[in-house]
Amino acid sequence: MDLNFLAAGIMVGLAAMSAAIGNSLLFSKYIEGITRQPEARGTLFGQTMILFGLIEALPIIGVGLGIMVFFGLL
């Protein structure tokens with residue numbers, strides 16, 4: 001068994017898991033902020049979407065690196 005397969009799987013799995021945890025924390029705080037100050041919903045939504053994009057960049061990079069490890073490019 002080649003260890004590149006295992007390494008690629010671990011990289012992709014950890015990237016997906018960390019993004020899931022980050023997104024759940026982000027949106028729980030977003031909902032909490034809306035319940036505290038409903039008038040700040042628009043501002044909170046914009047900031048939340050920016051942070052969501054930044055959080056989602058991590059699994060994309062992880063998948064890219066995992067594919068490179070899988071095919072032996074790294």
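Helices here are DSSP runs of H or I with at least four residues, numbered from the N terminus. The model under discussion is predicted. In these terms, V12 belongs to helix α1, which covers residues 3-36.

Helix α2 comprises the 30 residues 41-70. After α2 comes G72, which has a positive phi near 75°.

The buried residues of α2 are T48, P59, G62, G66 and V69, and the partner against which they pack is α1. An α-helix has 3.6 residues a turn, so residues three or four places apart point the same way.

On the surface, a nonpolar patch is formed by F5, V12, I61, V63, L65, I67, M68, F70, F71, L73 and L74, with about 1,000 Å² of accessible area together. Both α1 and α2 supply at least two residues each to this patch, and α2 gives the most, with six. V12, one of the patch residues, has a relative accessible area of 32%; it is therefore partly exposed, a class that lies between 20% and 50%.

The UniProt record, an unreviewed entry, places the feature "transmembrane region" at residues 6-28 and 49-73. In the model, residues 6-28 are 100% helix and 0% strand, with end C-alpha atoms 33 Å apart. Residues 49-73 are 88% helix and 0% strand, and their end C-alpha atoms are 33 Å apart.

How values were computed:
Residues numbered from 1 in each chain as written. Predicted model: local features only at pLDDT ≥ 70, side-chain atom pairs only at ≥ 80, totals over all residues. Heavy atoms only, no water. Expected span 1.5 Å × (residues − 1). Buried < 20%, exposed > 50% of the residue type's maximum accessible area, 1.4 Å probe, protein only. Contact = heavy atoms within 4.5 Å. Patch = residues over 30% accessible without salt bridge, like charges linked within 9 Å, V, L, I, M, F, W, Y side chains within 5 Å. Areas by Shrake-Rupley, 256 points an atom, 1.4 Å probe, with all protein chains shown as cover. Salt bridge = Lys/Arg side-chain N within 4 Å of Asp/Glu carboxyl O. UniProt positions renumbered as here; feature names shortened; annotations may be inferred.
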